[in-house]
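Hi there,

Here is the structure I promised to pass on.

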Amino acid sequence: MFEIQTHFRTCNICEAMCGLEISYQGGAILSIKPDKQDPFSHGHICPKAVALQDFHTDPDRIRTPLRKAGSGWREISWDEAFAEIGQRVRAIQAQHGADSVGVYLGNPNAHNLGNAVFLPRFQKALGSRNRYSSASADQLPHHVAANYMFGASMAIPVPDIDRTDFMLIIGGNPVVSNGSMMSGAGMPGRIKAIQKRGGKVVVIDPRRTETAKLASEHLAIRPEADALLLFALIRTVIEEGLVDFGHLKGMVDGYDGIVAASAGFTPERVCEAVGLPADRIRRLAREFATAPSAVCYSRMGASTQSFGGLCQWLTVVLNIVTGNFDREGGAMFPQPAFDLLARVQPNDPDARPPLRSRVRQLPCFSGEFPVATLADEILTEGSGQIRAMFTIAGNPVLSAPNGDRLDTAFAQLDFMVSVDIYLNETTRHADIILPAATGLEIAQFDVFFNSFAVRNPAKYSPPLFQPQGNQRHDWQILKGLIACLTGTADDGTTPEMLLDAALRSGPYKDQGLSLSTLSEHPHGLDLGPLRPCAHERVRTLNGHIRLAPALFLGDLPRLSAALQADAGEREHYPFRLIGRRLVWNHNTWTHNSRRLLKGAGPITVQLHSSDASRLGVSTGQMVVVRSRTGQVDIEVEVNDDMSPGVISIPQGWGHYRPDIGMRTAAGLPGVSINSLTDGGRIDPLTGNAAFNGTPVAIRASRQMA
Ligand SMILES: Nc1nc2c(c(=O)[nH]1)N[C@H]1C(S)=C(S)[C@@H](COP(=O)(O)OP(=O)(O)OC[C@H]3O[C@@H](n4cnc5c(=O)[nH]c(N)nc54)[C@H](O)[C@@H]3O)O[C@H]1N2
Ligand SMILES: Nc1nc2c(c(=O)[nH]1)N[C@H]1C(S)=C(S)[C@@H](COP(=O)(O)OP(=O)(O)OC[C@H]3O[C@@H](n4cnc5c(=O)[nH]c(N)nc54)[C@H](O)[C@@H]3O)O[C@H]1N2
Ligand code: SF4
Ligand SMILES: [Mo]
């Protein structure tokens with residue numbers, strides 16, 4: 001009989017980094033509870049943490065490498081898998097060039113220590129410039145703003161949520177998402193605490209979200225009008241003499257450029273397009289600028305839209321011109337123990353114009369092309385066409401704009417390899433699937449999310465269980481791929497060695513931080529609150545923050561044009577589609593947990609009652625939602641949290657393909673919002689997918705028949 005034991009670890013599903021206390025006996029989990037002694041998460045978790053045991057035991061997990069064989073799959077050995085991959089990929093690259101093999105990296109890579117440290121080596125071994133990831137369907141504009149303003153794409157300012165007196169949340173729903181580019185557990189409590197200490201929280205969102213309901217005020221903006229609103233706020237601050245750089249005076253270049261650029265975007269000029277009265281915009285600007293401390297935080301709603309780049313730039317500008325940057329209660333740079341800026345030298349972000357993609361000439365930022373153009377690069381013939389793909393921890397058939405086109409594209413590849421835990425909508429196209437260990441089976445240290453955290457934490461969690469069957473760790477798989485592509489032998493490096501080296505040379509080296517110190521603290525270490533440190537984090541040549549980079553100024557004619565509505569498009573597609581996250585799921589891959597599935601359904605399109613009565617539909621009825629690129633049949637949920645003219649569909653669903661064996665998920669297939677979104681709709685400045693505001697039409701199902 002095994003003893004009952006306790007294991008402490010960090011949940012790696014989302015960005016919040018909640019500490020877990022897991023009671024287990026042998027290989028069986030007895031309970032998964034919040035770790036009250038975790039100094040970062042203080043006993044907060046969400047329902048998804050408990051599902052970690054479901055992912056561990058799920059009979060649908062892939063347990064051995066699979067080779068496509070006719071219409072089915074054959075189990076193969078790792079040696080056989082690597083031998084074939086090495087031979088096929090090298091042959092394709094020899095014939096068609098290094099760039100003929102593409103890579104797509106999905107979201108779980110960011111939650112995995114081994115992938116964080118070994119993926120750059122894999123990319124180097126492959127030597128292809130055709131790199132894509134979920135970042136260009138997510139936070140890419142944050143990186144572009146950081147790169148051009150601070151000289152480092154990972155220099156991301158984070159809201160000091162625990163000390164701010166005024167939080168302006170634009171297009172984020174942290175009560176459901178648990179915070180993003182703002183890592184910290186227990187977001188509802190943190191938001192309530194702002195109000196308890198006499199502060200204010202204002203939410204800007206076309207939907208009255210769960211966060212808006214907790215906030216002091218909700219302002220329903222028109223989709224994609226956020227850059228106009230931000231400019232009008234900045235303009236008001238300038239006109240009303242409220243500009244104050246605080247201690248950054250002398251460290252900020254380009255203010256005149258902001259004064260000139262904002263002149264055309266007064267509250268009175270933008271109010272109609274934004275959907276808010278001009279005097280309310282002015283009052284908001286005053287409240288923000290005169291609060292003892294304030295922070296503007298903008299996220300998915302402001303990133304995955306046509307003006308994502310401008311929104312993230314202007315968010316930082318608003319924080320800076322009101323003296324709320326690099327100060328307590330404002331937007332601050334974390335100082336992570338594993339410092340991703342350690343090797344970034346001072347540089348001129350304008351020195352090298354970004355590479356352009358082959359087919360649509362879209363920009364390459366942070367070494368990646370936009371996922372919105374991946375299907376074009378596979379389907380468009382010619383020199384440089386992608387003929388083979390690696391997908392690693394990604395499901396772009398469901399997560400990328402116009403995923404259905406990617407479904408077609410993947411089917412036409414000469415060769416495809418997927419590193420994943422499931423056979424799903426994307427990996428079903430692979431010739432070879434390599435099965436990864438995950439969740440409770442892996443070691444965890446949050447390299448990325450420590451860099452976006454609202455305090456500075458550090459915690460190392462060893463694996464609780466061994467990989468099952470013939471699974472391997474992602475990092476072991478990456479090393480196997482490197483070896484089969486380059487013919488080099490394994491040098492024996494482990495993620496722990498690289499982590500230890502980074503900790504020993506990082507910002508806390510003088511306090512003796514190392515992997516062994518972390519191992520002595522299974523609940524994790526609190527390295528303190530955020531501290532002003534802009535002078536250490538900025539990597540521009542003169543060490544100054546660039547307030548008005550030419551890249552952003554050059555995009556302003558497009559923003560001015562948005563002040564005019566496109567009546568033609570409105571006639572055919574009168575509604576604007578936005579996405580929705582659900583408490584009980586994470587992106588596309590957690591739907592095989594029975595307990596999470598119970599909380600999730602039904603998957604509905606939410607629309608305002610005035611729209612429902614005009615369309616003659618009511619809750620529970622089926623409608624057809626149609627866009628330029630596709631259509632879906634979906635159940636209606638009349639919900640006055642929506643703004644009239646705006647509809648919302650959850651992201652991450654659409655498990656209807658019969659051949660993939662996700663048994664539980666098939667019980668609630670839902671539809672894919674990305675059958676409606678459009679790869680042609682991007683933010684041209686950054687190349688980020690513009691999911692929000694997709695023009696759509698709706699009809700009751702019977703009328704469409
Ligand atoms: N319309 C619309 N589209 C969206 C969004 C939206 O809001 N609206 N959100 C976007 C955002 S923010 C994101 S991050 C992307 C996500 O886009 P993706 O990353 O493409 O999608 P995921 O569902 O996260 O896919 C994760 C994949 O990794 C596998 N996996 C899970 N854990 C592991 C592991 O430990 N190792 C390995 N090797 N594989 C693993 C899963 O089985 C799944 O196949 O979607 C984007 N797409
Ligand atoms: N439960 C759960 N949590 C998650 C995830 C999940 O799938 N489920 N996914 C994780 C991932 S990968 C990420 S990146 C984060 C994302 O974290 P968040 O950004 O907080 O999450 P979203 O729910 O996408 O919030 C976007 C908000 O923008 C609003 N919106 C849409 N269009 C517009 C617009 O044009 N303007 C404005 N102002 N608002 C708009 C939407 O109504 C929505 O409330 O969540 C993470 N956490
Ligand atoms: S909030 Fe995120 S990190 Fe915390 S338990 Fe839930 S999924 Fe895990
Ligand atoms: Mo994301």
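Before the rest, some housekeeping. This is a predicted model, in which local features need pLDDT of at least 70 and side-chain atom pairs count only at pLDDT 80 or more, while totals for chains, interfaces and linings use all residues. Residues are numbered from 1 along each chain as its sequence is written, chains are lettered from A and ligands numbered from 1 in the order in which they are written, and side-chain values use heavy atoms, with hydrogens and water left out.

Overall picture

The protein chain has 26 helices and 26 strands (DSSP runs, H or I of at least four residues for helices and E of at least two for strands, numbered from the N terminus). Its C-alpha trace spans about 70 × 70 × 55 Å along the principal axes. Of the 705 residues, 63% count as buried (under 20% relative accessible area, with a 1.4 Å probe and protein chains only).

Cores

The largest nonpolar core holds 98 residues (buried Ala, Val, Leu, Ile, Met, Phe, Trp, Tyr and Cys joined through side-chain atoms within 4.5 Å). Phe 150, Leu 168 and Trp 313 have the most contacts inside this core, and helix H8 (residues 226-239) gives the most to it, with ten residues. Another core, of 95 residues, lies apart from it and includes Leu 406 and Tyr 422.

Arg 280 sits in helix H11 (residues 278-290) and is buried, because its relative accessible area is 6%. Beyond its neighbours within four places in sequence, Arg 280 is in contact (heavy atoms within 4.5 Å) with Lys 200, Glu 217, Leu 219 and Glu 287.

Thr 10 belongs to strand E1 (residues 4-10) and counts as buried at 5% relative accessibility. Leaving out residues up to four places away in sequence, Thr 10 touches Met 17, Cys 18, Gln 444, Asp 446, Lys 459 and Ser 461.

Best wishes

Technical notes. Buried means under 20% relative accessible area, exposed over 50%, partly exposed in between (1.4 Å probe, protein chains only).
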